[in-house]
Amino acid sequence: MNRTGFGFLRLPMVGEQVDLPAVCRLADRFLELGGSYFDTAYTYLGGESERALRDCVVKRHPRDDFRIADKLPTWLVHDREDCARIFAEQLERCGVECFDVYLLHGLDRENYAACAAWDGFGFLSELKARGRARRIGFSYHDDAALLDRILTEHPEVELVQLQINYLDWESAVIQSRRCWEVAQKHGVDIIVMEPVKGGNLASLPDAVFSPLHALDADASPARWALRFASNLPGVETVLSGMNAMDQIEENLRDMPPLSDAERAALLQAAERIRSVTAVGCTGCGYCLDGCPQNIPIPACFALYNEYRRSPGEKWKLEHAYAELSKGAGACVGCGACAQICPQKLDVPGQLRKVAEVFEDGRPAG
């Protein structure tokens, strides 16, 4: 069985523009292989994600052949007028009359409190009653205790989108396992985001991957990650940001359940990965919009992680760092990035470490 959904956050690009012909080919093959679920959001790619979905899927395929999930950006909403305006804009961008799934985007402690002011869950229920959203829920970035509270206070919720992957399964911050258990307790269906942790689990060091390769010589690192998420009870859809045809082909294959030995090997791999990963950035880019210095934060962290894995390659990485539009040392420590980071990273603190390595010539602490 395969539960893969097509995430429209990381699409093929030509410069700053979405490569629409490439996306059309990927979407066509996804549908041919039995996929149907497409996930987008108001803020993805500055709105171009929704438009790409319209041009590459909605305009080119029968409506019954696909499902669309979209999200209301809770941090941009102040009242019901904002809700109605943004929702209408999303329908226009996507070229549809209703969404199969509509979610409050990025609930955490702060956004959940803000939603109460404009009754975000009431807005979702109204959309469902009017036939503008077939199923309703929210995507989530906080701890298991708050998730339990939200689902207790809002039994109308049908779906919750959670970050679940084998690296975060026992994380004290992300709490993948504990959040999954809460969703199971409340009987809501689960959509999995970040099953490959922003691509971090798609390319593993040899020392980490070798034990997995010994169990299945044909499985890629990404396939291992997707199998872990796909076979958890209660999981309905596992989102994957696919931007190449080989990813479509592999991710739409059958995802057999993990054996006890395979599951144990993955959790051991997680321990090894944590030992060589300095910053758990997934490259989502949420931090970019709020940065007053326009620092390319995910790119800084990617280079820093490479340095920590292979310090002897620093001379090569310095060239790539010099090509960035701005360095980590430009950070003014305002903390806007940390407030919105789904991974709950101390972004300014980590940027200081990046600057120490690539700008001051001192080893990171």
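Student: Is Phe30 buried or exposed?

Tutor: Please keep in mind that this is a predicted model. Phe30 has a relative accessible area of 0%, so this residue is buried.

Student: How is a pair of aromatic rings described?

Tutor: One gives the distance of the centres and the angle of the planes. The whole structure contains 19 aromatic pairs. In one of them, Phe6 and Phe30 have ring centres 5.4 Å apart and planes at 70°, so the arrangement is edge-to-face. Phe6 belongs to strand β1 (residues 4–7) and Phe30 to helix α1 (residues 20–32), so this contact ties together parts 24 residues apart in sequence. Phe6 is likewise buried, at 0% relative accessibility.

Student: How is the pair of Phe6 and Phe38 arranged?

Tutor: That pair is stacked, with 5.8 Å from centre to centre and 25° between the planes. Phe38 lies in strand β4 (residues 37–39), 32 residues from Phe6 in strand β1. Phe38 is buried too, with a relative accessible area of 0%. Through ring pairs, Phe6, Phe8, Phe30 and Phe38 are joined into a cluster.

Student: Which residue lies over the face of Trp224?

Tutor: Arg227 does, at 5.5 Å from the ring centre.

Student: How many disulfides does the structure hold?

Tutor: There are zero. A disulfide would require two cysteine sulfur atoms within 2.5 Å. The sulfur of Cys94 has its closest cysteine sulfur in Cys98, 11 Å away, which is too far for a bond. For Cys334, the closest is that of Cys337, at 5.9 Å, again too far.

Student: Why does Cys334 count as partly exposed?

Tutor: Because its relative accessibility is 46%. Cys94, by contrast, is buried at 0%.

Conventions:
Residues are numbered from 1 along each chain as its sequence is written. This is a predicted model: local features need pLDDT of at least 70, side-chain atom pairs count only at pLDDT 80 or more; totals for chains, interfaces and linings use all residues. Side-chain values use heavy atoms; hydrogens and water are left out. Buried means under 20% relative accessible area, exposed over 50%, partly exposed in between (1.4 Å probe, protein chains only). Rings of Phe, Tyr and Trp (its six-membered ring) pair if their centres lie within 6.5 Å; planes under 30 degrees apart count as stacked, over 60 as edge-to-face and the rest as tilted. Helices (H or I, at least four residues) and strands (E, at least two) are DSSP runs, numbered from the N terminus. A charge sits over a ring if NZ of Lys or CZ of Arg is within 6 Å of the ring centre and within 35 degrees of the ring normal.
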